[in-house]
Every structure is written in structure tokens, then in C-alpha cells.
Amino acid sequence: MAHRLVRGLRGAVKNLVVYQQPKPINHFLKSSTRNYLSEYMHKSAVEGNIARFIRNEIQYELDHSPPIEVDEQPGEQWIRLKGKFGENEEIKIEVTMFDASIPMKKTNEPEDVKLRVTMIIDVTKGKDNILEFVCSGWPDSIEIRNVFTCGRDGIKNKTYVGPKFKELDDELQDSLYDFLEARGIDDKLAEFLHAYMMIKDKNEYLRWIDNLKTFVLKK
């Protein structure tokens, strides 16, 4: 699902990022209501077209892929994905909006940073056993940060949580990456999530600026 959708989104995301550069607040205060509404309605139409494209693509992939659900609530900084693997595994993935970045090279330009989303992946087997991965989702890769065992209530083992992931034997690390990849949680999913979150980030910005405008113009 991720690979097909990402190809279609690349051009749209690139154009959207260029088109929707944030404008200073005083620009909105000084602009006429008519000009603002015209500009906002045009942006809303662009966002609506992209949102419809995403929904259609997701529905197409859902019809040709194992069952999966995507839950996104306006205003929240998370999205949730749910699915199944085999006969007795349930998979739940919670993904943040961009929550960290690292520089790609020595420069002060904002575009030269690598953005990260955090992924909390719960793989449930049977009634009580949960294997939880905390991962960094980079634009082209997934990096496991921690692995926990939990009960159904989400409470982790309080006596011993295991070593840091990077301290594990290399073969064990590789086997855990293979475990996730077999369930469709791989670098292509990270690429898809970054494209998805880029759109969500712009939608949330438009929602915020509209709320700001409503408050400022309220009499």
C-alpha cells in the first residue's frame, strides 16, 4: 500500500509545501475579508482534492491488501493504524506528527534537516502477550529504539525492561527488523507516513490559522 501511494503523493506534496508557505499574521489582519476568503477557499479546494486522492488511494489499497484501518482525527497530533497478521496477531501502530529533526549537513537552512515521526507498534498475540516497539520513522527508513513486553493493560514489566536495542547482538537486531518487515512495517511504510504527515501538518496549520482569523475578526 505504502509504495503505490507514495509515488502518487510525491509531486502533490512537493507542490503543496511550496504553495503553502506560512504568511505573517499581520498580512491577514491587513488584508480585506474578500481577498482572504478567496485565497482560503482556493487553498481549501487544493487540500480537498488531495484529501480525496488520499482517501481513494487508501480505499483501493485496502480492497487489494490485508485488512487495515487508518484512524485520523482532526486536531490530533497522532494517527492510528490497525491490522491483523496471520490468525492470532493484532497490530496497532500509533504515529506522531513530526516531533524531531536532525541536520543533514552543516547549514542553517531549515530545509536541510531530516524530520522524524515516532511510531509505537504493538503486536498482540493471544489474550495477554504484547510485544511493543518504539521506533523512529525517518523519510526513508525505520529505526528501532526500544523493545518491550507488556500486558493487555499496557503496563510494561517493571522488574526488567531489557537492554538498549543497540546493545543487542547484531543478529538479534536483524531478526527483529525482519519480524517487523514480515508484517509490512518497513522502510516503505516510513516513506508513506512522511508523505501522509506532510499533508496532515499543512491541514492542521490551515485549521489553526482559520481559528486565529475567526478569533481576531470576531466582534
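**A tour around helix 4**

Begin by selecting Tyr177, which is partly exposed, with a relative accessible area of 29%; here buried means under 20% relative accessible area, exposed over 50%, and partly exposed in between, with a 1.4 Å probe and protein chains only. This is a predicted model, in which local features need pLDDT of at least 70 and side-chain atom pairs count only at pLDDT 80 or more, while totals for chains, interfaces and linings use all residues. Residues are numbered from 1 along each chain as its sequence is written, and side-chain values use heavy atoms, with hydrogens and water left out.

Next, show the rings. A search of the whole structure finds four aromatic pairs, where rings of Phe, Tyr and Trp (its six-membered ring) pair if their centres lie within 6.5 Å, and planes under 30 degrees apart count as stacked, over 60 as edge-to-face and the rest as tilted. One of them joins Phe165 and Tyr177 edge-to-face, at 5.7 Å centre to centre and with 85 degrees between the planes. This pair links distant parts of the chain, with Phe165 in the loop between strand 7 and helix 4 and Tyr177, twelve residues apart from it, in helix 4; helices (H or I, at least four residues) and strands (E, at least two) are DSSP runs, numbered from the N terminus. Phe165 is buried, with a relative accessible area of 3%.

Gln173, Leu176 and Leu180 are buried in helix 4, and, seen down the helix axis, the buried residues fall within an arc of 65 degrees, so they line one face of the helix; the arc is that of the directions from the helix axis to the C-beta atoms. Among the elements that cover these buried residues are strand 5 (113–125), strand 6 (129–138) and strand 7 (141–150), contact meaning heavy atoms within 4.5 Å. On the other side of helix 4, Asp170 and Glu171 are exposed.

Past the end of helix 4, look for Gly184, whose phi is positive, near 80 degrees.

Finally, move to Lys200 in helix 5 (residues 187–217), which counts as buried at 1% relative accessibility. Leaving aside neighbours within four places in sequence, Lys200 is in contact with Glu72, Gln73, Glu76, Trp78, Ile79 and Met97.
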